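Good morning, and thank you for coming.

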Amino acid sequence: MEEDLEPEKKRTRGLGTKVATSRPRATALTTVPQTQGQTAVPKVPRKTGPRCSAAIATVLKNQKPGPAVPAQKPGTTAAPPVVGRKKPSKRPAWDLKGQLCDLNAELKCCRERTQMLDQENQQLRNQLREAQQQATALGTERRTLEEELARMRAQAEQGQQELGNLSTRVLELEERLGTQEGLVQELQKEQLELQEERRGLAAQLEEQERRLQASEAALSGSQAELASLRQEAAAQADLLAKREERLHGLEMERRRLHNQLQELKGNVRVFCRVRPVLPGESTPPPGFLLFPSGPSGPSDPPTRLSLSRSDERRGTLSGAPAAPTRHDFSFDRVFPPGSGQDEVFEEISMLVQSALDGYPVCIFAYGQTGSGKTFTMEGGPGGDPQVEGLIPRALRHLFSVAQELSGQGWTYSFVASYVEIYNETVRDLLATGTRKGHGGECEIRRAGPGSEELTVTNARYVPVSCEREVEALLHLARQNRAVARTAQNERSSRSHSVFQLQISGEHAGRGLQCAAPLSLVDLAGSERLDPGLALGPGERERLRETQAINSSLSTLGLVIMALSNKESHVPYRNSKLTYLLQNSLGGSAKMLMFVNISPLEENVSESLNSLRFASKVNQCVIGTAQANRK
């Protein structure tokens with residue numbers, strides 16, 4: 001709108017006229033030179049008649065004075081029309097400060113335009129006042145001219161032409177005056193609109209200022225709340241640090257009490273497990289195996305086992321059948337045939353927990369062929385979770401507890417190895433490719449000069465972190481293990497399998513470290529030579545296998561007895577089995593032996609031998625276990 005009004009303003013400024021008064025004797029009518037589109041009024045002859053004087057008086061009376069236009073200074077040019085400013089891009093709703101700045105700038109422009117219009121209005125008023133003065137002067141001159149009209153009648157004929165020209169000029173001036181009055185009305189109307197717009201902008205500015213004040217108040221409240229939350233967070237962090245310190249102390253106390261509990265149970269414990277009768281096997285006679293109740297009755301877990309054996313030779317000498325002989329045994333825990341894998345693992349889970357605390361732990365299954373040793377350690381086929389063995393359950397338990405301890409700052413790593421000792425030769429059960437089945441490459445060596453840690457050369461040590469990786473290793477080891485048919489079992493393990501898990505824990509925040517091995521051993525069948533000897537041309541190899549197995553089992557018994565008796569020399573090196581388990585059998589370790597027996601009467605001789613060996617081990621007491629911490 002401002003751009004459209006600029007030409008009209010310029011035209012308004014150029015309408016000013018100026019009438020000069022003549023000297024006392026001058027009768028000519030003169031006008032001020034006009035600007036922008038105005039033409040000069042021709043001079044009137046001095047001599048006019050009465051008619052001419054009356055016409056001139058009528059013209060001057062009807063002429064409306066135009067606004068005076070200020071003279072333009074020499075050497076200056078007219079100001080260019082104001083070009084409308086480009087509206088700024090719309091700001092986002094959240095930028096209240098930017099919107100307020102835009103409104104202030106727009107209000108400033110409106111004020112400048114209003115001021116300019118006020119100045120132009122004042123100029124127009126000044127021009128109108130000058131025109132009125134000129135009209136007064138013209139009135140005076142008119143009276144003078146009327147006085148001179150009598151003298152100018154003679155010149156009326158010559159002034160008729162000039163009078164017509166003046167009449168035309170007056171009409172043009174009146175038309176222009178009407179145009180200028182229309183422009184003035186339009187400007188006044190525009191001024192009213194601008195004033196209304198200014199009031200609207202002022203209201204918007206007030207609203208924006210009110211919203212800004214509300215935002216500032218909300219910001220102040222948020223800052224105060226933030227400061228309060230920061231103080232609360234600092235207090236919570238301090239409290240958390242104190243609770244972490246207390247939790248660490250409680251964890252250390254738990255480990256100490258846990259170790260005391262395990263020591264009270266015995267650093268050497270023996271569990272007896274009787275497998276159930278399998279389909280196709282003869283049911284044992286009543287009273288053959290009995291499980292007497294504990295001191296508190298049937299609610300106590302069984303710890304005793306009674307086995308009945310008839311002596312046919314003594315009955316033959318007396319002429320009458322002799323009464324069966326009962327053999328009573330007592331162990332730390334006895335699992336009847338109906339005991340499940342979960343019940344067995346629940347009893348040893350606390351011992352497995354000690355490995356995470358930095359105590360070497362060794363669990364091995366002992367017994368004749370077919371007594372359920374491999375089932376106890378590895379579980380049954382088919383991947384049924386109900387029949388999982390101790391190895392997968394123990395690793396699942398370790399992974400779960402390590403995850404819980406990670407919240408206290410502990411990080412654990414696990415490295416697994418699986419070897420078998422066959423005829424005093426170490427074989428890697430995790431070997432793949434061309435190395436599969438070659439045991440001569442593996443030897444038991446010290447990890448380094450002066451180190452007590454033992455390692456198997458050329459054996460795979462596989463980092464594990466989940467159950468799937470453990471299941472894959474067990475499946476591979478199950479395929480590589482040496483088995484053969486004997487008179488006791490169609491598929492008999494002819495080697496000792498040793499699954500070892502090296503556990504390393506670290507608490508970076510406190511600079512604590514612990515490391516310990518967990519050894520889970522499935523021993524070969526412990527039967528004597530005669531029951532396991534089958535006729536055939538290839539039985540010499542089976543004979544050598546049985547001799548090597550019995551020799552290593554005898555050495556295991558000697559090592560345990562030597563440790564119990566605190567002998568200066570412990571014959572670890574007499575067998576590859578005891579040499580490999582040296583760090584898991586000594587005074588700083590916790591040991592658990594499962595003696596697995598068959599429920600069949602035909603295996604009573606081997607069952608008695610296994611139970612007697614287990615009783616000897618159960619009587620051994622090894623020194624207090626020490627955690628491997630740094």
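S371 touches R275, N596, I597 and S598, leaving out residues up to four places away in sequence; contact here means heavy atoms within 4.5 Å. The model is a predicted one, in which local features need pLDDT of at least 70, side-chain atom pairs count only at pLDDT 80 or more, and totals for chains, interfaces and linings use all residues. Residues are numbered from 1 along each chain as its sequence is written, and side-chain values use heavy atoms, with hydrogens and water left out.

Where does S371 sit? Its place is in the loop between β6 and α7 (373-378). These labels come from DSSP runs, numbered from the N terminus: helices are H or I of at least four residues, and strands are E of at least two. S371 has a relative accessible area of 1% and is therefore buried. By buried I mean under 20% relative accessible area, by exposed over 50%, and by partly exposed anything in between, with a 1.4 Å probe and protein chains only. The side chain of S371 also reaches the backbone oxygen of Q368 at 2.7 Å.

S371 belongs to an annotated stretch. The unreviewed UniProt entry places the feature "binding site" at G367, Q368, T369, G370, S371, G372, K373 and T374. UniProt positions are given in the numbering used here, feature names are shortened, and such annotations may be inferred rather than shown by experiment.

With a relative accessible area of 0%, G367 is buried. Setting aside neighbours within four places in sequence, G367 is in contact with K373, A524, G525, S526, N596 and S610.

Let us now consider the strand itself. Why is β6 described as largely enclosed by the rest of the structure? Seven of the seven residues of β6 (residues 361-367) are buried, so the strand is largely enclosed. V361, I363, A365 and G367 point one way, while C362, F364 and Y366 point the other way.

Which strands pair with β6? Two strands pair if DSSP finds at least two bridges between them. Strand β15 (residues 512-522) runs parallel to β6 and is joined to it by five bridges; the partner of A365 there is D522. Strand β16 (residues 590-597) also pairs with β6 in the parallel sense, over seven bridges, and in β16 the partner of Y366 is V595.

A nonpolar core is a set of buried Ala, Val, Leu, Ile, Met, Phe, Trp, Tyr and Cys residues joined through side-chain atoms within 4.5 Å. The largest one has 51 residues, of which C272, L305, F364 and L585 touch the most other members. Its largest share, seven residues, comes from α11. A second, separate core of 44 residues includes L390, V401, L430 and F594. Leaving out residues up to four places away in sequence, F364 touches V521, L523, L556, I560, M591, L592, M593 and F594.

Finally, two loop residues. N423, in the loop between β7 (410-422) and β8 (425-428), has a phi near 55 degrees, a positive value in a residue other than glycine. N423 counts as partly exposed, at 27% relative accessibility. K566 lies in the loop between α11 (539-564) and α12 (576-580), with a positive phi near 60 degrees. K566 is exposed, its relative accessible area being 58%.

Note on methods
Polar contact = N/O pair within 3.5 Å; in protein donor to acceptor, adjacent residues only side chain to side chain.
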